[in-house]
Amino acid sequence: MGWALIAGGSKGIGYYIAEALAKRGYDILLVARNPEELSAAKTSLQDKFRIQVEILSCNLYQDEAVSEIVNFCNDKALEIKILCHAAGLGGARDFLSLPLEGLRNMVRVNIESAMALSLSLLPTLEKNAPAYILNVGSMAAFAPIPGKNIYSATKAGLLFFSYSLRYQLAEKNISVSCLCPGPVFTKPAIKDETIKQMGWIGNKMSVTPQTVGEIAVRDMLKGKMIIIPGKLASMISFLLRILPTGFAARILFKSGKQAKHEILTPA
Ligand SMILES: NC(=O)c1ccc[n+]([C@@H]2O[C@H](COP(=O)([O-])OP(=O)(O)OC[C@H]3O[C@@H](n4cnc5c(N)ncnc54)[C@H](OP(=O)(O)O)[C@@H]3O)[C@@H](O)[C@H]2O)c1
């Protein structure tokens, strides 16, 4: 089937995207920083599927990361057919609570490295077409979130980038998709924060990382542009996209303030 490169594939959503691709017979290159987690992910994929797996430890914050990845693919003659950018950074701390370097890292990982990987791997993808690019965005792309300013801005940027790229690459037979999940409890902190911020609706909206990975790959291979796993997440995304931007931002600002108040005022 060819090779799929998953940046941010050692755990969480990226890992389950890797599983869904491995299930369909793709060989997998996983990229992330932590070498032990990469090795564990490789073992897990090889135990479950009869495919080849390569791992590369590198830090997407760094300028040289993308050329390291391209050189690795060229040295090993990996015929990359699918590029998935799942690495991303978010969380409770954002603009006005993170130092500049932390904010810069969020911009680098969430959008700059997606842009650089797409550009640098374009010749390989074109050679191996039909090919696919899957960028992992978020529902946060659909409205400005005061308090998560840079996260929502980078995810909106990634969504717009993916949209325009889709038109530019269509004639090269490269399909571009953007996965925009709602809450996915890949770690306890995400569950806690979601429930504090959105209450029961956040819990109801959540989808397991396994399901997200499977839906993402299924819809990417069908050539869908925006992929939103889960019925409730799709409905809320639709509302966010049709509401006036200022109105949506005001609602999200109020719900964020309410959540902070609850955190500061234990019952
Ligand atoms: N979880 C959610 O609720 C949710 C909702 C919507 C969208 N998303 C988006 O989905 C994506 C994955 O989220 P997740 O919850 O699955 O995250 P996760 O469990 O923390 O996994 C993130 C992956 O990216 C890698 N990574 C992070 N920083 C990196 C860096 N500087 N260089 C190279 N690799 C890096 C991590 O490995 P290392 O740490 O070893 O580098 C890991 O493989 C993100 O883009 C996130 O914004 C998540």
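Author: Two residues are in contact if their C-beta atoms, placed from the backbone, lie within 7 Å. The model is a predicted one, in which local features need pLDDT of at least 70 and side-chain atom pairs count only at pLDDT 80 or more, while totals for chains, interfaces and linings use all residues. Residues are numbered from 1 along each chain as its sequence is written.

Reader: Which residues of helix 1 and helix 8 meet under that rule?

Author: From helix 1 they are Gly12, Ile13, Tyr16, Ile17, Glu19, Ala20 and Leu21, and from helix 8 Pro209, Gln210, Val212, Gly213, Glu214, Ala216 and Val217. This contact divides into 9 nonpolar, 3 polar and 2 charged residues. In that division Ala, Val, Leu, Ile, Met, Phe, Trp, Tyr, Cys and Pro count as nonpolar, Asp, Glu, Lys and Arg as charged, and the others, Gly among them, as polar.

Reader: What makes helix 1 oblique to helix 8?

Author: Helix 1 (residues 12–23) and helix 8 (residues 209–221) pack at an angle of about 55°, with their axes 8 Å apart. Axes are lines fitted to C-alpha atoms, for helices over the stretch in contact, and angles run from 0 to 180 degrees between N-to-C directions. Angles under 35 degrees count as roughly parallel, over 145 as roughly antiparallel, 65 to 115 as roughly perpendicular and the rest as oblique. The angle of about 55° therefore makes helix 1 oblique to helix 8.

Reader: Why are helix 3 and helix 4 called roughly parallel?

Author: Helix 3 (residues 65–75) and helix 4 (residues 100–127) pack at about 25°, with axes 10 Å apart. They are therefore roughly parallel to each other. Ala65, Val66, Ile69, Val70 and Cys73 of helix 3 make the contact with Ser113, Ala116, Leu117, Ser120, Leu121 and Thr124 of helix 4. By class, this contact has 8 nonpolar, 3 polar and no charged residues.

Reader: What makes helix 4 roughly parallel to helix 5?

Author: Helix 4 and helix 5 (residues 149–169) pack at an angle of about 10°, their axes lying 9 Å apart. That angle makes helix 4 roughly parallel to helix 5. The contact includes Leu103, Met106 and Val107 of helix 4 and Ile150, Tyr151 and Phe161 of helix 5. Its residues are 11 nonpolar, 4 polar and 1 charged.

Reader: How do you know that the size of the chain agrees with that of a compact globule?

Author: The globule rule is 2.2 Å times the number of residues to the power 0.38, and the radius of gyration is taken over C-alpha atoms. With 267 residues, the rule gives a radius near 18 Å; the chain has 18 Å, so the two agree. The chain holds 10 helices and 7 strands; these are DSSP runs numbered from the N terminus, helices being H or I of at least four residues and strands E of at least two.

Reader: Which residues come nearest to the ligand?

Author: Of the 27 residues around the ligand, Gly8, Gly12, Arg33, Asn34 and Gly88 come nearest. A residue counts as near a molecule or strand if its C-beta atom, placed from the backbone, lies within 6 Å of it. By class, this shell has 13 nonpolar, 11 polar and 3 charged residues.

Reader: What makes the backbone at Ala77 and Pro130 worth a remark?

Author: Most residues other than glycine have a negative phi, and most peptide bonds are trans. Ala77 has a positive phi of about 50° although it is not a glycine. The peptide bond from Ala129 to Pro130 is cis, with omega near 5°.
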